Amino acid sequence: MTEEQRIQLNKVNAEIKRAYALSRRKKWEKSCGNLDPKTPDSRLWRITKGLNREDTMSERTNPILDPAGYMIHNDKDAANALATHYQNIGSLDFSETDRHTQRKARAVVHGCRTTDSKEVIFTKEFSLQELEQALSQMDWTKSPAPDGLHRRMIAHLGPVGRQSLLDIFNLSWRNRRLPRDWKRAIIIPIEKPGKEAGSPESYRPIALTSIICKIMERMILARLKYFLDLNDLLAQYRFRRGHGTTDQVLYMCQKIRDAQNNNPTNHSMAVFLDLSKKLERVQLSAARIITGLRNSCPNKIVLYEADLQPLRFRGGAGLEKYFNKLISYGSHNRTSLFLRGWKSNQRLKKNSPMSLATELNLISREVECQSLKNCIDPSEGLLGVFFHTELQQAVNKDDTVPALMKQMVLQIINEIPGVYIQIYTDRSKNEENQSGSGIYIKIPREVRKIKLRNPDNCSVFRSELLAIEAGLEAILNENNYGAVWILSDSRSSIQHLIDWNNVGNRTGISILKLLRHIGMDHEMHLQWIPSHVDIYGNEVADDLAKQGTAEPLCSTPSLTFDEIYSIRKNKDLKTWRVPPSHDWYKRSSPGGSIGLACDRADQTALFRFVSDHLKSCCFRHGNKVFPVCAKCGVASASPQHILSCLRLSRETFETDPLLALNFLRVSGLMDGV
């Protein structure tokens with residue numbers, strides 16, 4: 001290779017490295033561009049874990065080693081080695097002392113196969129509604145199993161195909177046998193990060209099982225969960241609605257603190273790690289990186305300029321939501337039941353979790369109760385109730401012309417016979433957080449209009465549910481009518497009711513009971529319609545809801561834990577938006593320079609200037625010292641002098657920051673800022 005070729009090769013390699021670094025930088029900017037205070041913690045942790053993760057490299061050969069330590073070059077032998085390893089760790093290994101346990105386990109399994117259950121829920125055949133419920137909860141993006149059935153094919157089955165699938169499930173349910181193909185799986189080994197590639201223990205097995213079997217498992221699981229919850233036979237605290245490991249940790253910590261507060265003490269010893277200060281330092285370091293502000297700048301100004309709400313706000317709101325959510329479960333959660341009957345015996349200086357929550361006034365005794373038990377038997381379901389979350393064809397409200405959506409809605413309404421009942425519901429909320437509900441009922445013989453005043457700070461989602469509940473209660477005593485159509489412009493409310501296995505709020509449970517009661521004699525249809533497309537019934541319900549916000553509040557009903565959490569977040573947000581008190585710093589809103597269309601250096605210059613902590617500033621004997629102004633060469637280049645020297649006002653950096661930057665750049669003062 002000649003010298004000229006070597007130089008050209010180095011240039012090409014340098015260009016490749018620059019392009020690679022640029023692509024990595026753009027990818028990182030894209031990952032962090034959508035981060036805001038509402039970003040879930042799970043996404044933040046994924047980004048944090050990915051910082052030190054090396055790119056995965058594809059292996060051209062099999063790195064699995066045999067027991068003798070030699071590399072296996074045959075893929076089939078490598079697969080057999082992994083299969084043998086998974087078989088050994090997956091099989092039950094009973095020792096000599098556990099033979100009795102083995103015989104007992106086999107007897108239990110054999111008894112389940114040969115003994116008929118006295119519970120109807122375990123002998124009754126599956127219904128089509130149970131199948132529809134299971135299909136709506138499946139993830140259709142997974143890969144197919146050895147049977148070759150792709151999940152999207154099952155998702156698009158028609159009525160005849162779904163009925164045939166249901167017949168297969170019921171046949172297997174009656175005979176207590178599973179087809180052999182349902183028990184087969186494809187095992188995909190995934191290498192664990194940071195583990196030795198040659199060892200079979202370094203691979204995590206991912207099993208691709210039959211989608212048909214998974215659907216049946218979900219149907220059986222729904223019945224099993226209902227039976228166990230109904231009879232209080234389940235003490236699991238993970239992968240269960242309303243029960244988490246946090247509850248168990250809180251229960252343990254509170255019991256330890258109570259034991260330590262006893263006099264004499266119960267000789268309890270525990271070590272608690274407080275990571276709150278460490279997390280606050282991490283957040284402050286991130287804010288200084290974002291803004292480029294110096295360590296001498298006050299912490300409040302740094303967080304305000306970075307538009308990062310302090311963790312104490314986020315943590316306080318999260319704690320208030322957690323405690324109120326836990327208290328709302330009542331006797332359905334062991335930790336909740338313990339905390340409801342807890343009495344303070346504070347003796348030591350260190351607070352316990354509950355005494356701290358009481359001191360900070362985090363627990364509201366007016367929180368609405370939540371149920372963790374299903375109000376509907378999965379084997380019975382909601383017969384005669386149909387949910388429609390789309391029009392005759394799926395439309396996107398943002399992209400569809402309102403006139404076209406109105407035509408599609410009118411087509412549905414015109415097909416409803418005149419002897420049917422039509423119920424239009426809507427909700428409203430004003431700036432004073434006063435909410436109301438409106439109901440327009442079209443009965444064959446008359447028209448009814450109902451307006452309700454809901455509790456202050458009631459969410460619009462709950463207001464819509466209250467409107468549906470009031471509409472159903474209004475037709476309970478009606479007779480001589482056909483089906484009932486509830487036309488609501490809240491798709492989320494209908495989707496919430498579709499998942500009736502997980503409905504636990506009081507209003508939702510009341511609606512489901514009303515639907516089941518009326519659905520025994522009449523068909524019930526819950527249809528979503530778009531709002532503000534000039535549908536007469538929807539417009540009347542909207543006016544009634546707005547009028548309901550002005551009605552007097554008869555009582556002070558309780559709020560849900562989500563509504564209490566929303567109140568706390570709004571309160572913290574108002575507090576956060578108040579600028580920090582400082583003799584020089586004047587901002588009207590947080591993050592004033594982040595959204596400017598300029599490069600990072602200009603943003604950093606603005607951050608430093610408005611905070612009175614310039615790059616050229618230094619401290620001597622506790623006082624700020626600035627170099628001589630590069631423009632006039634007379635006085636020190638402090639922010640006050642720069643404003644007077646450029647004949648600018650401080651408000652210019654707030655109203656027109658780009659103009660102020662141009663003045664600094666033309667005057668040669670950017671290097672000191």
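User: What should I know about the model before we start?

Analyst: The model is predicted, so to speak of local features requires pLDDT of at least 70 and side-chain atom pairs count only at pLDDT 80 or more, while totals for chains, interfaces and linings use all residues. Residues are numbered from 1 along each chain as its sequence is written, and side-chain values use heavy atoms, with hydrogens and water left out.

User: How many aromatic pairs are there?

Analyst: The structure holds nine. Rings of Phe, Tyr and Trp (its six-membered ring) pair if their centres lie within 6.5 Å; planes under 30 degrees apart count as stacked, over 60 as edge-to-face and the rest as tilted.

User: How are F169 and W182 arranged?

Analyst: F169 and W182 are edge-to-face, at 6.0 Å centre to centre with 70° between the planes.

User: Are they buried or exposed?

Analyst: Both F169 and W182 are buried, meaning under 20% relative accessible area, with exposed over 50% and partly exposed in between (1.4 Å probe, protein chains only).

User: What about Y424 and Y440?

Analyst: Y424 and Y440 form a tilted pair, 5.9 Å centre to centre with 45° between the planes. Both of these tyrosines are buried, and Y424, Y440 and Y536 form one aromatic cluster.

User: Changing topic, which charge sits over the ring of Y251?

Analyst: The charged end of R334 does, 4.2 Å from the ring centre. The criterion is NZ of Lys or CZ of Arg within 6 Å of the ring centre and within 35 degrees of the ring normal.

User: And where does K321 lie?

Analyst: K321 lies over the face of Y565, 4.8 Å from the ring centre.
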